[in-house]
Amino acid sequence: MTSSVEIRGGVELPAVREQIELHTADGLTLVGELATPVSRAPVATLVTLHPLPTHGGFMDSHILRKAAGRLPALADLAVLRFNTRGTTSPRGTSGGSFGGGVGERLDVAAAMAFVAERGLPDPWLLGWSFGTELAIKYGLEHPIRGAILLSPPLHRASDAELAAWTGRDARLVAVIPEFDDYLRPEEARERFASVPDTRLIAVEGGKHLWVGESATRRVLDEIVAVVNPAAAPLPTEWTASA
């Protein structure tokens with residue numbers, strides 16, 4: 001007997017979900033979750049970096065929570081989410097205090113050390129807003145396949161840090177909302193010109209916070225098209241055996 005459910009909102013599809021801790025080089029403990037496919041190995045890994053914690057960003061920011069809720073089942077991806085230093089969510093509070101994007105360098109390193117320890121395959125950084133700044137600034141310090149940038153403001157990442165991605169094996173993909181609060185497609189094309197291999201995806205009608213199911217589906221489809229194209233586009237229904 002089978003039943004189908006529409007995939008929308010906060011639906012959580014089957015996955016192995018493990019509460020984890022990350023340990024930074026400066027002695028902090030960061031709390032997080034690893035979600036992996038049930039009964040099979042992941043084909044790639046998303047290391048998520050959340051929006052600005054001083055403006056409500058945390059590991060449960062909705063696009064990242066929905067990625068963890070859907071993509072292990074739909075796209076065979078491992079999804080690692082964690083609270084950067086000083087950030088609180090229902091999972092708990094990470095040690096330390098907000099570092100303005102500086103101390104968080106060690107948070108990214110702790111996440112990537114965890115990926116290496118677990119042998120998680122083909123890691124990609126998935127940053128959203130503030131998280132994109134961390135990906136740009138520190139991603140090249142680690143063995144990653146690339147970085148996917150959702151709504152990058154390019155406030156903290158310098159032009160030199162962005163230009164450093166030129167000619168690297170790690171790919172850069174930027175998903176730019178048409179009506180972003182900080183960086184819209186035309187300006188993004190100018191700012192990313194220093195990295196000509198960047199894949200720029202302008203999303204018509206999109207906004208910085210990607211509110212609504214249609215925005216969620218568009219973003220998750222773009223992520224999967226990069227990381228595991230065989231699984232794109234994602235289905236809108238899930239059929240489960242009773």
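This passage describes the fold of a single predicted chain, from its overall dimensions to individual residues.

The model is predicted, and local features are accordingly reported at pLDDT of at least 70, side-chain atom pairs at pLDDT 80 or more, and totals for chains, interfaces and linings over all residues. Residues are numbered from 1 along each chain as its sequence is written, and side-chain values use heavy atoms, with hydrogens and water left out.

The chain contains six helices and twelve strands, where helices (H or I, at least four residues) and strands (E, at least two) are DSSP runs numbered from the N terminus. Along the principal axes, the C-alpha atoms fill a box of roughly 55 × 45 × 35 Å. The accessible surface amounts to about 10,400 Å², 50% of which belongs to carbon and sulfur atoms, as computed by the Shrake-Rupley method with a 1.4 Å probe, only the protein chains shown counting as cover for residues. Of the 242 residues, 53% count as buried, a term that denotes under 20% relative accessible area, whereas exposed denotes over 50% and partly exposed the range in between (1.4 Å probe, protein chains only). Among contacts (heavy atoms within 4.5 Å) with a separation of 6 or more, 70% involve residues 24 or more positions apart.

Eight strands form an open sheet with mixed pairing, in the order β2-β3-β5-β4-β8-β9-β10-β11, two strands being taken to pair if DSSP finds at least two bridges between them. Strands β2 (16–23) and β11 (199–203) stand at the edges, and each has a single partner strand, so one side of each is left without a neighbour in the sheet. From one strand to the next, the twist averages 20°. Strand β4 (residues 44–49) and strand β5 (residues 77–82) run parallel and are joined by four bridges, with Ala44 standing opposite Leu77 in β5. Helix α1 (residues 62–75) packs on the sheet, where it touches β2, β3 (29–36), β4, β5, β8 (123–128) and β9 (146–150), and its direction makes about 155° with that of β5; axes are lines fitted to C-alpha atoms, for helices over the stretch in contact, and angles run from 0 to 180 degrees between N-to-C directions.

Helix α3 (residues 130–138) lies across β4, β8 and β9 and runs at about 140° to β8. The axes of α3 and helix α2 (residues 104–118) come within 10 Å and cross at roughly 80°. The two helices are therefore roughly perpendicular to each other, the class that covers 65 to 115 degrees, while angles under 35 count as roughly parallel, over 145 as roughly antiparallel and the rest as oblique. Their contact is made by Glu104, Arg105 and Val108 of α2 together with Phe130, Leu134 and Tyr138 of α3.

Strand β10 (residues 171–177) is largely enclosed by the rest of the structure, because six of its seven residues are buried. Five bridges join β9 to β10 in parallel, and Leu149 stands opposite Ala174 in β10; five bridges likewise join β10 to β11, which run parallel. Within β10, Val173 counts as buried at 1% relative accessibility and stands opposite Arg199 in β11. Leaving aside neighbours within four places in sequence, Val173 is in contact with Ala147, Ile148, Leu149, Arg199, Ile201 and Val226.

Lys207, in the loop between β11 and α6 (213–227), is exposed, with a relative accessible area of 54%. Beyond neighbours within four places in sequence, Lys207 is in contact with Ser151, Pro177 and Phe179. Ser151 itself, found in the loop between β9 and α4 (159–163), counts as buried at 1% relative accessibility and has a positive phi of about 55° although it is not a glycine. Ser129, in the loop between β8 and α3, also has a positive phi, near 55°, and is buried, with a relative accessible area of 10%. Most residues other than glycine have a negative phi, and most peptide bonds are trans. The peptide bond from Ala232 to Pro233 is cis, with omega near -10°, and Pro233 is placed in the loop between α6 and β12 (237–241).
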